[in-house]
Amino acid sequence: MDKRSHVSRLMVLLILLLLFVFVGLAGYMTLSLLEQTESRFGKPGSEMGIAERLRYAFDLYRYEDDLLTPNTLMQEEFLFEIGSGEGVPSIVSRLESAGLIPNAEAMQTYLVYAGLDISLQAGQY
């Protein structure tokens, strides 16, 4: 075996080792992010796949302050009505307009992540 062939094999082994380390690290970071998201925001909806969970995990961290900081400006009771057949985008938009939540998009993201977007019911709250 000549020296060039030996060096080429070592380079291939080194590249494969680096690729293995990279894939392992990426997998670890992904699992860690999903676990941290679940500990902060609760379990995801049962219908959510791994790719969706990962996408929503990034979005939830982007909106973390809007979702986890209490609204201290509301000092009085407020009647809020959800109409029959009203969709989540309309509901969260009206909640934001009323000053009840700071960010409609953040709330909609959370509702979808948690699987609550399909269980909102009409009524007065």
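Reader: A crossing is left-handed if the near helix is turned anticlockwise from the far one by less than a right angle, and right-handed if clockwise. Which hand is the crossing of α1 and α2?

Author: Left-handed. This is a predicted model, with local features needing pLDDT of at least 70 and side-chain atom pairs pLDDT 80 or more, while totals for chains, interfaces and linings use all residues. Residues are numbered from 1 along each chain as its sequence is written, and side-chain values use heavy atoms, leaving out hydrogens and water.

Reader: At what angle do α1 and α2 pack?

Author: About 65°, with axes 10 Å apart. Helix α1 covers residues 3–41 and helix α2 residues 50–62. Helices are DSSP runs (H or I, at least four residues), numbered from the N terminus. Axes are lines fitted to C-alpha atoms over the stretch in contact, and angles run from 0 to 180 degrees between N-to-C directions.

Reader: Which residues of α1 and α2 meet?

Author: From α1, T30, L33, L34, Q36, T37, E38, R40 and F41. They meet I50, R53, L54, A57, F58, L60 and Y61 of α2. Contact means heavy atoms within 4.5 Å. By class, that is 9 nonpolar, 3 polar and 3 charged residues. Nonpolar means Ala, Val, Leu, Ile, Met, Phe, Trp, Tyr, Cys and Pro; charged means Asp, Glu, Lys and Arg; the others, Gly among them, are polar.

Reader: And where does α2 touch α5?

Author: Y56, D59, L60 and R62 of α2 meet E105, T109, Y110, V112 and Y113 of α5. The contact has 5 nonpolar, 1 polar and 3 charged residues. The axes come within 10 Å and cross at roughly 145°. This crossing is left-handed.

Reader: Left- or right-handed for α4 and α5?

Author: Right-handed. In α4, V88, P89, V92, S93 and E96 meet A104, M107, Q108 and L111 in α5. That contact has 6 nonpolar, 2 polar and 1 charged residues.

Reader: New topic. Which residues line the largest pocket?

Author: G45, S46, E47, M48, E52, V112, G115, D117 and I118. By class, the lining has 3 nonpolar, 3 polar and 3 charged residues. A pocket is an open set of points on a 1 Å grid over the protein atoms alone where a 1.4 Å probe fits, with protein on both sides within 12 Å along at least five of seven lines; lining residues have an atom within 4 Å of a point.

Note on methods. Helix = DSSP H or I, 4+ residues; strand = E, 2+ residues; numbered from the N terminus.
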